[in-house]
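My notes follow the structure.

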Amino acid sequence: MKSHTRVAVIGGGVVGCSVLYHLTKLGWTDCLLIERSELTSGSTWHAAGGFHTLNADTNMATLQGYTIRLYRELEEITGQSCGLHHVGGVTLAGTRDRMDYLIAEHAKHKYMGLDTRIVGPEEIRELSPITNTDGVIGGLYDPLDGHLDPSGTTHAYAKAARMAGAEIMLRNPVTALNPQTDGSWEVVTEQGSVIAEHVVNAAGLWAREVGALADVYFPLHPMEHQYLITEETPEVYERHSELPHVMDPEGESYLRQEGRGICIGFYEQQCDPWAVDGTPLDFGHELLNYNLERIGDSLEFAFKRFPVLERAGIKTIINGPFTFAPDGNPLFGPVLGLKNFWSACAVMAGFSQGGGVGLTLAEWMVEGEPSRDVQAMDVARFGNWITPGYTRAKVEENYQRRFSVSYPNEELPAARPHNTTPAYPIWKHHRAVFGAGYGMEAVNYFAPEGEPLHETPSFRRSNAFPIVGEECRAVREAAGINEIHNFGKYRVTGPGAREWLDRLMAGRIPKPGRLSLTPMLSPKGRLIGDLTVSCLSEEEFQLTGSFGIQAIHMRWFETHVPEDESVAIENISTRSIGFHIAGPKARDILAAAAHQDITDMRFLDLRHVDIGTTRAFVQRVSYTGDLGYEIYVPAEEQIALYNALDEAGSPLGMKPFGMRAMMSLRLEKGFGSWGREFRPDYMPCETGMDRFIAWKKNIDFIGRTEAEREKADGPKRKLCTFIVEADPTDMQQGDVWGDEPIFHDGEVVGFVTSGGFAHYSRKSVAIGFLPVELIEKGPEVTIEILGEMRKATLYTRDLVHPDGERMGG
């Protein structure tokens, strides 16, 4: 066994072999894959082998498209057949909501360049004569869908990697992982040890066990999954062409041709987690005992949808395990807290996603960052708050919902509430309807008496629509109060704090008593953070950013903290919490509650203020675009702070409001949102974040060279805000959510990043990208919303307080 390697990839399934191949493709050929048994052991060998591009996440859909197109390349490189069957596939819709979902996905595909189409029942029968379309409204057809040979494909990846210089060791379990002082790892196996500069956990079913060797918990869990293969069937083998895939969400099934018979699999509600206490080390090429009772209801539905199944005998029943993360997306990227330790696991759709995962991880390792936004798949999207119990509950929920409609406003119930603040009982008393993110409960809106304590999932306007409108009017006309616990917050201290922040942030670092807004850039100039920097003193700062990417940001911060200990950074996101008050009476409320005079606080000022019995840290800033303040105290003082603010605010008409209202209010000022307008896919000039960059500061901040290149060349597109033609009273109408295509003269010219209904101004608003040359003409465009072409007008003045007097005066 060799003594040293640049990369040790642990796991020889399709994902591990893909990572190995892509590392060699990008120039790292000194790589070693270590497999405990044989290639494909675990989940790969018994997979049904289907692939598709349909995915609600546009970046994941792009990676899936890359994966599917890669197979021909692998065959050409290696001469190894992947057993490709590009037969196309249709996803059925039996409900209006399902059809809305498919229409919305088809609209996304128009600007992504994917050649899908909406089909009706008659065309579905033409494509798949064995499908009974009773009750089917329509479907989405994708010509790229198909299936392959799992073993042949895995071996093609492996052969291509070997041809480029990589090595593969089989029948060699890893028994220990020992970190070295230089950042490398001693990988101990049954056949000896190797020093690896980097380690990749691609161990699939054994990813938890490999993680434990490095003292890391990977939030994934295996689930049992069953599919059936029928005997030869005349309706299949007498056709002149192969049947397409048919996904039937109402029946929780997928169907395709298998030789001269049929393969049908199920994502049943009566699902079973597997290996709760750990994957057996002697498991490999075995199957699990099948359980047809578990899929009885789904099978009965399938007999009606595909009547041929009643006449076809069952030849084979496959029941095998494969792994899910809590949200169903892969877990890949650098592992927080460990140097040179990488994840490539929980890729439950390995033959749809494995190529894209391998490419992206290889880019990250070789080039320093991936070529697209992968935060929805980043292993660090789950922080240290996650537990095996939470993981298992969400994995079961995700498995059961594999074919469920993904509504943009839906909040899923499993494993909730998990984390709450002291104010949680107060909000419950006020009839809060909660959402959750990063394990933390947050108020979406407050249901009046007589209204249900849940929001109806919909692509159109929900039962919350008029309620959110009332909350928005309360803020704009008097004052509102909500929590600020769902921000990521970090304390930066030390004699080197200012210098460190000046290099890390592209914007200006403020003087004591002031705050500033700044983008944080990657080396390639992409947006990786949209932060507020608050200067409490020359050696103490608070950073405020997105709550859901705390671990991602902490990983970045820790990677760049100087070794001389002149800077210390700690995550205080759930330790420093409080409230945000906003509206024309906010100053009066704070003045009534505070023991010091606060009326002289300017926009972007901050100071310590005594409020009730608390000592609070107050900033004059508000995401509502109104007069407002963020007020922070230690978590244990939150209730005392609330009581003081409530006592002062109630006589002045202050009302609680939730995140639905917050996101509506920000639209009236055209404020962007992290993850929608600002994300690692985008650069600062095209998003308007360049106005916060301190171009004149004499610091070579991270990403400066690429940001200056974008500025010099000029962006090809820019974010714009539109008013969309809409009826404010029509509850069946849809507003944009994000990813809708924008048309001009019948051609797709851009896409929506986010939007919705701005209740106070009673306008439907969309934010999205347009080419610069079109923006200069100020065109009227159309936006496709649920299949309807709606006129949209570019506007440049804020819908409320365009002079900025209320927010900044």
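I searched the whole structure and found two cavities of 30 Å³ or more. A cavity here is a set of points, on a 1 Å grid over the protein atoms alone, where a 1.4 Å probe fits but cannot get out. Its volume is the space filled by probe spheres set on the points, which are joined across faces, edges and corners.

The model is predicted: local features need pLDDT of at least 70 and side-chain atom pairs count only at pLDDT 80 or more, while totals for chains, interfaces and linings use all residues. Residues are numbered from 1 along each chain as its sequence is written, and side-chain values use heavy atoms, with hydrogens and water left out.

I noted β20 (440–446) and β21 (479–483) as each supplying at least two lining residues. Strands are DSSP runs of E, at least two residues, and helices runs of H or I, at least four, numbered from the N terminus. β20 gives the largest share, three residues.

I then turned to the second largest cavity, which holds about 40 Å³. Among the residues that line it are Thr420, Thr421, Tyr424, Trp427 and Phe434. The elements giving two or more residues to this lining are α12 (424–429) and β20. Here too I noted β20 for the largest share, three residues.

Note on methods. On a 1 Å grid over the protein atoms alone, a cavity is a set of points where a 1.4 Å probe fits but cannot get out, and a pocket is an open set with protein on both sides within 12 Å along at least five of seven lines; lining residues have an atom within 4 Å of a point.
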